[in-house]
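Work through the exercises below with the sequence and the structure at hand. Try each task before reading its solution.

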Protein chains: 2
Amino acid sequence: MTLKLDKVNRGPHLSTLVASSISREIAQGRLKPGDQLPTEQQLAQTFGVSRNVVREAIARLRSEGRIWSQQGRGAFVADQPNATVLTIDFDALQQANAFQSLFELRGILEVQAAALAARRRSDGDLQAMKEALETMRAAPYGSVMWLKTDLEFHKTVAAATGNIYMVQFLTFVSEKVRESILASGNQQGSEDLAAVTLGEHERILDAIEAGDADEAQEAMRAHLHGAASRVGLAEE
Amino acid sequence: MTLKLDKVNRGPHLSTLVASSISREIAQGRLKPGDQLPTEQQLAQTFGVSRNVVREAIARLRSEGRIWSQQGRGAFVADQPNATVLTIDFDALQQANAFQSLFELRGILEVQAAALAARRRSDGDLQAMKEALETMRAAPYGSVMWLKTDLEFHKTVAAATGNIYMVQFLTFVSEKVRESILASGNQQGSEDLAAVTLGEHERILDAIEAGDADEAQEAMRAHLHGAASRVGLAEE
DNA sequence: TAACCAGTGTTGTATGATAACCATGTAAGT
DNA sequence: ACTTACATGGTTATCATACAACACTGGTTA
């Protein structure tokens, strides 16, 4: 019965294997910033793959800002990593204070987003938020569907700010937070919690509709405070 | 004199051009989640490049979580974009409102970071901030060195919050903002501006040292307001 | 000394071929 | 009717090779 194992091992592409292998060399300091990588041919030989695969791996690392390359010269380890891409390591998130930090960051963005949304929301934005709230009302509390619609509501709030990067950052961070919550399995849901959560959302929506930035801010803060305690996070 | 435009448009590698082109299709909704991309051959033909280049572009998009592909089936737009990494397209940033959005996001984070720093800063944090300010004082205004130390100061403020992701996000966003400013070449520096900027920084530092969160917040807001006008950005 | 130039190595791109895999349809067998 | 096996076409994954563009080096020449 090695079938399953085979299927697991077969998963990633060769290029990702090569990429993470080189990435590890950099992370562990065996390749320092400014160092020149071996030539593509050498890499292909040492890894036992074609030069094409090596190039795909390099293209990936280049897009992540970890290395840069120039025609005729070679590929080099970049001075400042994470130049173009922001990554959050899932394993690191398992530590409590890391999760708390991310949750705090999310809170800052959400609260300010709510205030901006109250000032700038269009009628279309309001409509989208209301629809999201309705679908949320229909979903059973704690289900995957429920979490999805919850995220969707917050997304519509972010969208109402008119700031495209607000949407991008917030969805990214929220997604990470949600993943971490799911992984920890920290959610015992009773029915009345659904009503509470929905009520918090309604308060946010009302404030945004009224154009009251301060109230929207406060409502969002209260909501996040409630959400934090719901996942067993001690607030400062 | 379209040299600059050419240099922007001409991403050194064809693969990056193809990647951002596909990426744009997804962002603009012409390719919806779940949709199947054209085959590699078709893409190669429509873009006028080799299939190899298309594969490198796809490898990049796959690593960014925007698409997923399976042997024998094809490549598809991912349901939840930005699953693993957060990217900001440099070309997209050239548009004015995009830059403004990013600047706004940076402002939100910086202002709240200043408040948190005022509450939580340790003596070591204060020491680092003071040193950063000193090196900044020594650098000539507008030079690359000056910009670097400026970033460094803001980084120490972020670090003082004790929130690791605050540092990560802020440096990422600030770096993007700085790149964009450098690219637009928007900086005419006179000597008195240096004094003004330094004064703003000192005010922030003083507030954080005093532990006055509100004042730190306001000082940072004033500083960013000044910085915005200095790069010719109209504030709302 | 300085400019030119050829040679070599490296990356960037193109092209063709092969293997692995998926989806679908069809025929054989139960 | 239902299942199994096989055939077929299409797609990705990988390999191999070739050529173009560019960088560096060293020698030659003015």
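**Exercise 1: Charged pairs between the chains**

Task: Find how many salt bridges there are between chain B and chain A, and examine one of them.

Solution: The count between chain B and chain A is four salt bridges. The model is a predicted one. Step one is to pick a pair: Arg55(A) and Glu56(B) join their side chains in a salt bridge, with 2.9 Å from N to O. Step two is to compare that distance with the cut-off, which is 4 Å for a salt bridge. Step three is to see which elements of chain B give two or more residues to the side that touches chain A: they are α4 (51-63), β3 (85-87), α6 (96-120) and α9 (164-184). The largest share comes from α6(B), with 10 residues. By class, this side of chain B has 18 nonpolar, 14 polar and 10 charged residues.

**Exercise 2: Extent of the interface**

Task: Describe the contact between the two chains by residues and by buried area.

Solution: Begin with the residues: chain A gives 43 and chain B gives 42. Next comes the area, since the size of an interface is often given as the accessible area lost when the parts come together. Between chain B and chain A about 3,900 Å² is buried, and carbon and sulfur atoms give 55% of it. Last, 10 residue pairs are in polar contact across this interface.

**Exercise 3: Two packed helices**

Task: Which way do α7(A) and α8(A) run relative to each other, parallel or antiparallel?

Solution: Helix α7 (residues 123-138) and helix α8 (residues 144-160) of chain A pack at an angle of about 170°, and their axes are 9 Å apart. Angles over 145 degrees count as roughly antiparallel, so α7(A) and α8(A) are roughly antiparallel to each other. Residues in the contact include Met129(A) and Leu133(A) of α7(A), and Trp146(A) and Phe153(A) of α8(A). By class, the contact has 10 nonpolar, three polar and three charged residues.

Terms used:
Residues numbered from 1 in each chain as written. Chains lettered and ligands numbered in written order. Predicted model: local features only at pLDDT ≥ 70, side-chain atom pairs only at ≥ 80, totals over all residues. Heavy atoms only, no water. Contact = heavy atoms within 4.5 Å. Buried area = accessible area lost by both parts, 1.4 Å probe. Polar contact = N/O pair within 3.5 Å; in protein donor to acceptor, adjacent residues only side chain to side chain. Helix = DSSP H or I, 4+ residues; strand = E, 2+ residues; numbered from the N terminus. Nonpolar A, V, L, I, M, F, W, Y, C, P; charged D, E, K, R; others polar. Axes fitted to C-alpha atoms, helices over the stretch in contact; angles between N-to-C directions. Parallel < 35°, antiparallel > 145°, perpendicular 65-115°, else oblique.
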